[in-house]
Amino acid sequence: MPFVLIRLIRGLGRSRIWVMPTVIIVAVFLTSWPLMVWAEPSSNTITSAANYWWWFLVTAATVGYGDFFPTTVGGRLVGVYVIVGGIVTLTTLFTRIAAAIENAKGQRMKGTMDLDMANHLVIVGYTPGRTERLIHEIVADEAHALALCAWDDIQENPMPEQPDLGFVRGDLAEEGVLRRAGVHRAARVLIDARDDNEALAVTVAVKHVNPEAHTVVTLRDMSRAVNFSYIAADVRCVQWHSPRLATEELQDPGIAVVYADLMSHGGRNTYSTRLPRTLPQVRFGQVQEAMGRSFTTTVLAVQHEGAVINPGWDTELPDSAVLYYVGERRLSAEEIARAVAP
């Protein structure tokens, strides 16, 4: 909301809404002063240059300070003329300001105005339901300025309940549209396109506008990630069907690379092994340390009675627990028992 008010104030300063009210009040002032001089006796100091402007101001504003006042019928009629002129001026001014505010609100809702944002996150692309979930996750994790950039077929801001969400619509592969969303000043950009070909075209445009922004792209076919590396080596590609991974990569750059390495044949893999019943009661810290020393593995979580948990270091593990770990190969229950046993 603050950036909308700032833009509105700047717009009012540059607009012509002040012209007509100014013409009206200046005309009333220039015509009322000679009339007051003609109607009032010279002994009434209201007609002097030092006093008339003050009397005119408080009278036109219908405040009526009372330190100066006309004493003749003609002078009072001039006062009525000034009051009516002030009311007309204020009415004209407020009507034009209200129209300008309504016009700015309409432009914001329709996504046609430039966003005055910097160091923000821009989501390029909109999918009903999915984008709302992404934004709610991002907002829940951290307070950060957000902008949504959608195609022309989205006629209005789909999330008006988010007051600080900037909205722009247009051709997402066009530089002018991206600049209206402030992509050139953005810290992070999430490209969530309708298909992978569209994602490639939009990524080219985004990196042209802002080569420094941390850019995350969601893909249906992860084998096409190599095409995006041709655009820029720091473009991070994540699976379209894992929106949570996209938000994690935005907030903690590099996580997508870690996940990709874990899930690739060239990196380490994730495995699970049930603790042997012959193993005496052990603490999670013992298992973590022993498996790390003996097999260079990292225990990620433990499952017991259907629940997957990340236990504390001193938590005692039941003999029926299942270990989930990252390592170079699958370990047998006997190997784990030998490593953990004192």
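Reader: How do you know what share of the residues counts as buried?

Author: Buried means under 20% relative accessible area, exposed means over 50%, and partly exposed is in between (1.4 Å probe, protein chains only). By that rule, 43% of the 342 residues of the protein count as buried. Keep in mind that this is a predicted model, where local features need pLDDT of at least 70, side-chain atom pairs count only at pLDDT 80 or more, and totals for chains, interfaces and linings use all residues. Residues are numbered from 1 along each chain as its sequence is written, and side-chain values use heavy atoms, with hydrogens and water left out.

Reader: What makes Arg130 and Asp192 a salt bridge?

Author: The rule asks for a side-chain nitrogen of Lys or Arg within 4 Å of a carboxyl oxygen of Asp or Glu. For Arg130 and Asp192, the closest N and O atoms are 2.8 Å apart, so the pair passes. The two belong to distant parts of the chain, 62 residues apart: Arg130 is in helix 5 (residues 130–141), and Asp192 is in the loop between strand 4 (188–191) and helix 7 (196–209). Both Arg130 and Asp192 are buried. By this rule the count comes to 10 salt bridges.

Reader: Why do Glu137 and Arg244 tie parts of the chain together?

Author: Their side chains meet in a salt bridge, at 3.5 Å from N to O. Glu137 lies in helix 5 and Arg244 in helix 9 (residues 243–251), so the pair joins parts that are 107 residues apart in sequence. Glu137 is partly exposed at 27%, and Arg244 is partly exposed at 36%.

Reader: How far apart along the helix are Glu175 and Arg179?

Author: About one helical turn, because they are 4 residues apart in helix 6 (residues 175–180). The closest N and O atoms of Glu175 and Arg179 are 2.9 Å apart, which makes a salt bridge. Glu175 has 33% relative accessible area, so it is partly exposed, and Arg179, at 35%, is partly exposed as well. Elsewhere, salt bridges that share partners join Glu137, Arg244 and Glu248 into one network.

Reader: How do you know that the end-to-end span of helix 3 agrees with what it should be?

Author: The expected span is 1.5 Å times one less than the number of residues. Helix 3 (residues 49–60) has 12 residues, so it should span 16 Å, and its end C-alpha atoms are 17 Å apart, which agrees. The buried residues of helix 3 include Trp55 and Phe56. Just after helix 3, Thr62 takes a positive phi of about 60°.
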